[in-house]
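This report describes selected features of one protein model. Please consult the sequence and the structure shown below while reading.

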Amino acid sequence: MKNIKELLRYQLEIQMDKLFGSETKSNEPEYESDKHSFVEAFIIENKLPHVEILLLGLALIPHIHPEFLTSLISNYLPNGGELPEFGGVKSKNHRGILPTGETAQFLVAGNDLDNRISFYNYLHNQSYLYQKGIIKIESVPYGEPKLSGLLILEDEYIEKFLTGKILKPQLSSIFPAQLIETELDWEDLVLNATTINHIKEIETWLKFNDILLHEWDMKAKIKPGFRVMFYGAPGTGKTLTASLLGKYTQRDVYRIDLSMVISKYIGETEKNLSSLFDKAADKDWILFFDEADAVFGKRTNVRDAHDKYANQEVSYLLQRIENHPGLVILASNFKANIDTAFTRRFQSIIEFEVPSYAERLQLWENNLPKGIKIAEDVNLNELSKKYDITGANIVNIIQYACLKTLESENESINLHHLLQGIKKEYAKEGKMM
């Protein structure tokens with residue numbers, strides 16, 4: 001970071017000296033890469049040009065040297081004063097100057113009008129850091145110059161450059177999604193052959209999409225992203241499938257918390273969704289909308305203002321999903337609940353059926369603890385034939401029976417406890433044994 005700091009200081013002093021009609025006193029530092037620095041390793045890996053190095057340094061400097069911009073300005077304005085060309089803002093907590101888009105423009109283009117216009121075009125059309133969402137300009141009130149917004153370095157990259165690790169976004173009102181992971185493997189997911197084949201098609205897209213778009217030059221003919229719908233009864237493996245797709249393709253899977261997305265206030269739902277999709281746009285994430293009926297449900301006939309805005313929410317979501325470059329999975333208990341405008345745009349619609357007898361038997365065998373005795377009165381074949389339940393039901397039943405076994409200090413899992421567990425699962429769903 002020392003190299004970048006000196007480059008940044010030199011470039012700013014050049015522009016300030018031009019502005020004040022002074023002669024530049026310092027010599028341009030010679031940039032030497034340092035592979036041991038997280039920042040400079042990133043620069044080397046992405047082959048960042050000089051202008052991108054300066055932008056990255058400007059966005060990062062307040063997090064490392066909070067006095068940097070203030071001390072530089074004070075050298076030219078010792079008695080204080082305003083310097084609109086330089087930009088920058090004061091914040092509530094930070095006592096120094098925080099850079100804005102105008103500061104970046106001054107850094108690169110100085111006060112030359114043509115260069116400033118060129119920089120604006122470069123930032124919005126060519127900048128690697130800006131296009132990838134690594135840096136961004138904070139939105140400003142209507143009518144104010146767009147570059148007067150704060151120059152922001154994304155939180156996960158601040159962490160990466162300081163510690164070497166990318167910070168995973170946390171569930172919040174700003175980011176209404178939660179990372180989901182699993183320690184299970186594909187072998188633990190028991191589905192019929194048709195469903196498994198459809199899931200393999202998603203894996204194929206995840207593996208070859210970049211080649212198809214860029215090396216085969218199909219990006220002008222194929223819409224970005226891949227949209228999939230999972231539907232079927234609760235507990236049939238929809239969430240686990242999404243988690244496994246992420247695990248085996250090295251992608252983070254984020255389950256959207258719809259309770260934090262949907263708002264009764266007009267425009268808030270769209271705002272929440274926009275924030276989410278903007279954050280995910282340049283990440284290699286899988287977005288998983290569980291119980292998607294709440295947002296993706298059928299549009300209704302307009303009877304009042306509420307219906308009108310509810311339909312607008314669905315239309316807005318349709319547009320964002322269609323333009324999202326990554327994998328989006330919608331999960332629902334019933335296919336018929338989802339608006340047909342969405343289903344027409346899905347590349348794949350996959351049914352998760354309630355497991356058959358053979359699949360239930362496999363689920364029982366897979367999930368019972370290894371090395372723990374099963375009582376002689378337990379017949380897994382009979383349990384599988386008699387009780388029409390899902391994989392999630394079976395896991396809950398086994399957990400209940402295991403705890404009861406430990407509580408009673410038995411050496412083996414007996415039929416009585418398993419049947420009690422089945423009865424509890426049936427009761428939850430309003431069914432009788």
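A polar contact is a pair of N or O atoms within 3.5 Å; within protein, one atom must be able to donate a hydrogen and the other to accept it. The model discussed here is predicted.

## Overall composition

The protein chain contains 19 helices and 10 strands. Of its 433 residues, 45% are buried. The chain exposes about 23900 Å², and carbon and sulfur atoms supply 50% of that area.

Among the contacts in the chain with a separation of 6 or more, 70% are between residues 24 or more positions apart.

## Serine 37

Serine 37 lies in the loop between α1 (2–20) and α2 (38–46). Its relative accessibility is 11%, and the residue therefore counts as buried, the limit being under 20% relative accessible area.

A polar atom of the serine 37 side chain lies 3.3 Å from the backbone nitrogen of glutamate 40.

## Helices α3 and α5

Helix α3 (residues 50–64) packs with α5 at an angle of about 145 degrees, and the two axes are 10 Å apart. The crossing of α3 and α5 is right-handed.

On the α3 side, the residues that meet α5 are Val51, Leu54, Leu55 and Leu58; their counterparts in α5 are Thr103, Ala104, Leu107 and Val108. By class, seven residues of this contact are nonpolar and one is polar, while none is charged.

## Histidine 94

The loop between α4 (68–76) and α5 (101–109) holds histidine 94. This residue has a relative accessible area of 18% and is therefore classed as buried, since buried means under 20%.

The side chain of histidine 94 reaches the backbone nitrogen of glycine 96 at 3.5 Å. When neighbours within four places in sequence are left aside, histidine 94 is in contact with Pro62 and Pro66.

## Asparagine 192

Asparagine 192 is placed in the loop between β3 (177–180) and α9. Is asparagine 192 buried or exposed? With a relative accessible area of 17%, asparagine 192 is buried, because that value falls under the 20% cut-off.

Which residues does asparagine 192 touch, not counting those up to four places away in sequence? Glu353 and Glu359 are the residues touched. With the side chain of glutamate 353, the side chain of asparagine 192 makes a polar contact at 3.4 Å. Asparagine 192 and proline 355 are 163 residues apart in sequence, yet their C-alpha atoms are 7.8 Å apart in space.

## Helices α9 and α10

Helix α9 (residues 193–215) and helix α10 (residues 238–248) pack at an angle of about 35 degrees, with 11 Å between their axes. The crossing of these helices, α9 and α10, is right-handed.

Helix α9 contributes Ile199, Ile202, Glu203 and Leu206 to the contact, and α10 contributes Thr241, Leu245 and Tyr248. The residues of the contact of α9 with α10 comprise five nonpolar, one polar and one charged.

## Summary of the sites

- Serine 37, at 11% relative accessibility, is buried, and its side chain has a polar atom 3.3 Å from the backbone nitrogen of glutamate 40.
- Histidine 94 is buried at 18%, and its side chain reaches the backbone nitrogen of glycine 96.
- Asparagine 192 is buried at 17%, and its side chain is in polar contact with the side chain of glutamate 353.

Notes
Residues are numbered from 1 along each chain as its sequence is written. This is a predicted model: local features need pLDDT of at least 70, side-chain atom pairs count only at pLDDT 80 or more; totals for chains, interfaces and linings use all residues. Side-chain values use heavy atoms; hydrogens and water are left out. Axes are lines fitted to C-alpha atoms, for helices over the stretch in contact, and angles run from 0 to 180 degrees between N-to-C directions. Helices (H or I, at least four residues) and strands (E, at least two) are DSSP runs, numbered from the N terminus. A crossing is left-handed if the near helix is turned anticlockwise from the far one by less than a right angle, and right-handed if clockwise. Contact means heavy atoms within 4.5 Å. Ala, Val, Leu, Ile, Met, Phe, Trp, Tyr, Cys and Pro count as nonpolar, Asp, Glu, Lys and Arg as charged, and the others, Gly among them, as polar. Buried means under 20% relative accessible area, exposed over 50%, partly exposed in between (1.4 Å probe, protein chains only). Accessible areas come from the Shrake-Rupley method with a 1.4 Å probe; for residues, only the protein chains shown count as cover.
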